[in-house]
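Let's take a walk through a protein model together. Keep the picture open and turn it around as you read.

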Amino acid sequence: MAYYSEDAIEEIISNTDIVELVGSYVPLKRRGANYIGLCPFHREKTPSFTVSPDRQIFKCFGCSEGGSAIQFAKKMENLDFKESLEFLADRSNIDLSRFEIGSTVTNTKIKDEKERLFLLNKSAAKYFYEALTESIKENTNILKEYLIKRELDSSTITRYGIGFGSKKEETLYEHLSKEGYTKEEMQNAGVVGVNIKGYSYENFANRLIFPIIDTRDRVIGFGGRVLDNSLPKYVNSPENIVYHKGRNLYGLNIVKREKLNSIIIVEGYMDTIALHKAGIKNVVASLGTALTENQAKLIKKYTDTAILAYDEDEAGKKATLRAIDILYKEGLKVKVLVLDKEDAKDPDEYISKYGNERLKECLNKSLGHVNYRVKELEKNLNNTMDSKLEFLNNVAAIIARINNNIEREMYIQEITSMYKISKGALEAEINKKVGSKKGVKEIESSVDMTQLINRRESSMDKKRKQEIYAISILLSKDRKVINKIKEIINKDDFKNDEIKALYVKLIDLDIKHDITKGNILKYITEDDELKLITEVMCTEIIDKEKFLQDLSIDTRIYRYNNRRMEILKRLSEKDITKDEKEMLSIELNQIIINKGKLR
């Protein structure tokens, strides 16, 4: 994996027009030196979202989000930090290989091979799309009949880039050869195969083609479906240096910018497309029934809730049970779609038989993962004692896997009520299983509301403003003023823990680098720190000299108040001696006198 130097960050920020970047997602209006718009990260009616072209930052004064172009791309495209660098580098035609740490000839060769493969796939996708659009212009053919049967209209074909595997006048092999690609490159991409006699053949000929596109809108592979009942029904691209089936999800490139309460996971391409056509936008396919941990991590980047909608045959049910464990392990809330008609094995077939609205009703009634497991176990339950005992033992094992104590308690109550068994007996069995499981963690469900309210109420008090201003001065170019700040205030004088941590970090950075508002975003990458630093960067101190005078006085008063509280606390304690009490009383009186002089 490539890692990039700090110079890469500086290069990308300086070469990205943040107004143009943000404006491609959010309508902006100029207001003075800045631009304003509705924040894309929270719902609001009055604009509190600002973009500063001078400072090359964005800041929302409603939800506190802020940062450079890198953080904006990261949040809007749901990328990690490295991916956001690469995303912006692509937009600005910046060669990031110049900034790779530990870059080698081998790394450069792999990068070149990847780039060639991306371009080959893009060219193949264009060929397939043109082949389909040309073929359906004919009066009648098997492709046109299939598209009508599956209700694949032109807007759906365009949205998903659906194509056809063959053109009459030119084969894909001929097309790619003209563009300079070798037979070996076509084989690596999986669009061309070689039989035992060494002859080339096209893997996707005469098939309906579904391009697989990653979240950076690059074509990474293809799926091809026959138009009749011949076998194999599907042919898929092999894994290679750009396509890893277990790390991608079909359709995620389309839903990634939606505000998602949940993501529905289906098995195949047509399930994804059928649900999307039905107005259900939050659908992806796992490119095979075996969901992987990497795919679960990918889903977690976009939502906290996953709904499994696999086929309802035995293979689909096994895949569902396996996927539940993987998704739950990643911290997702997991539900399962259960179709209410047995003659439809998957969402696509269900829609064609019973319509969109009825499927939406089924989705709204999706079972929680525990209820789904219990319902599946219940199918094998009979009236014998052994059957009941086995059933309840298995139910106890399912509930024991739940990490949240409140959730576990709710299911215990539901199961004991439904099956009329002793709550104590079920709890005892669950506790035995929890105790035998290594690594089971207790999750604290309580939230300290008082702390949250107090933090909110004090967020704009005078002390916090002063601390923000002090940080702002550290980022000025006036070394004399910076040194004065360091003399007046130290880390223990900060009331706000987050600002204190940022102050300590900036002092350390100032020793190693000459930090300013112009280059600080090169060194600050954590989201919480960025919210603060962008607030700092939007702060202007009109009279620095007066601010320093006020800060000096207020800092000493703050120290006196802290010491006064310590003394009063000690004076109230029972084990205090007479001599200590007398000394502290004298100190307390002196504090009152000193504070009076300052005022």
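Predicted model: local features only at pLDDT ≥ 70, side-chain atom pairs only at ≥ 80, totals over all residues.

Let's start with the hairpins. Strand β3 (residues 49-52) is joined to β4 by four bridges, and the two run antiparallel. In that pairing, V51 stands opposite F58 of β4. Four residues sit between the strands of this hairpin, and Q56 takes a positive phi near 60 degrees there. Next, β4 is joined to strand β5 (residues 66-67) by two bridges, again antiparallel. F58 turns up here too, with G67 as its bridge partner in β5. The hairpin of β4 and β5 has five residues between the strands, and S64 takes a positive phi near 80 degrees. Which way do the residues of β4 (residues 57-60) point? I57 and K59 go one way, F58 and C60 go the other, and all are buried.

Now slide along to a pair of helices. Helix α3 (residues 69-76) packs against helix α4 (residues 81-91) at about 105 degrees, and their axes are 9 Å apart. That angle is why α3 and α4 count as roughly perpendicular to each other. On the α3 side, the contact uses A69, I70, Q71, A73 and K74, while α4 brings F81, S84, L85, F87 and L88. Sort the residues of this contact and you get seven nonpolar, two polar and one charged. Is α3 mostly covered or mostly open? Mostly covered: six of its eight residues are buried, namely A69, I70, Q71, F72, A73 and M76. Just past the end of α3, N78 takes a positive phi of about 55 degrees.

S123 lies in helix α5 (residues 105-135), and L147 lies in helix α6 (residues 142-149). Each one counts as buried because its relative accessibility, listed here, is under the 20% cut-off.

| Residue | Relative accessibility | Contacts beyond four places in sequence |
|---|---|---|
| S123 | 9% | H175, L176, E179 |
| L147 | 5% | L132, I136, L152, I157, L208 |

Time for an open sheet. Four strands line up in the order β6-β9-β10-β11, with antiparallel pairing. β6 (163-164) and β11 (234-236) are at the edges with a single partner strand each, so one side of each has no neighbour in the sheet. Between them, β9 (residues 208-213) and β10 (residues 219-225) pair in the antiparallel sense over six bridges. One spot to look at is I209, which stands opposite G224 in β10. Helix α11 (residues 269-277) packs on this sheet, touching β9, β10 and β11, and its direction makes about 85 degrees with that of β9.

In soluble globular proteins, nonpolar side chains tend to be buried together. In this model, the largest nonpolar core has 62 residues, and I485, L506, I520 and I533 touch the most other members. Which helix gives the most to this core? That's α23 (residues 497-512), with six residues. Setting aside neighbours within four places in sequence, I520 is in contact with L475, L506, L509, I515, I533 and M537. There is also a second, separate core of 60 residues, which includes L117, A189, Y269 and A274.

How values were computed
Residues numbered from 1 in each chain as written. Heavy atoms only, no water. Pairing = 2+ DSSP bridges. Contact = heavy atoms within 4.5 Å. Axes fitted to C-alpha atoms, helices over the stretch in contact; angles between N-to-C directions. Core = buried A, V, L, I, M, F, W, Y, C linked by side-chain atoms within 4.5 Å. Buried < 20%, exposed > 50% of the residue type's maximum accessible area, 1.4 Å probe, protein only. Parallel < 35°, antiparallel > 145°, perpendicular 65-115°, else oblique. Nonpolar A, V, L, I, M, F, W, Y, C, P; charged D, E, K, R; others polar.
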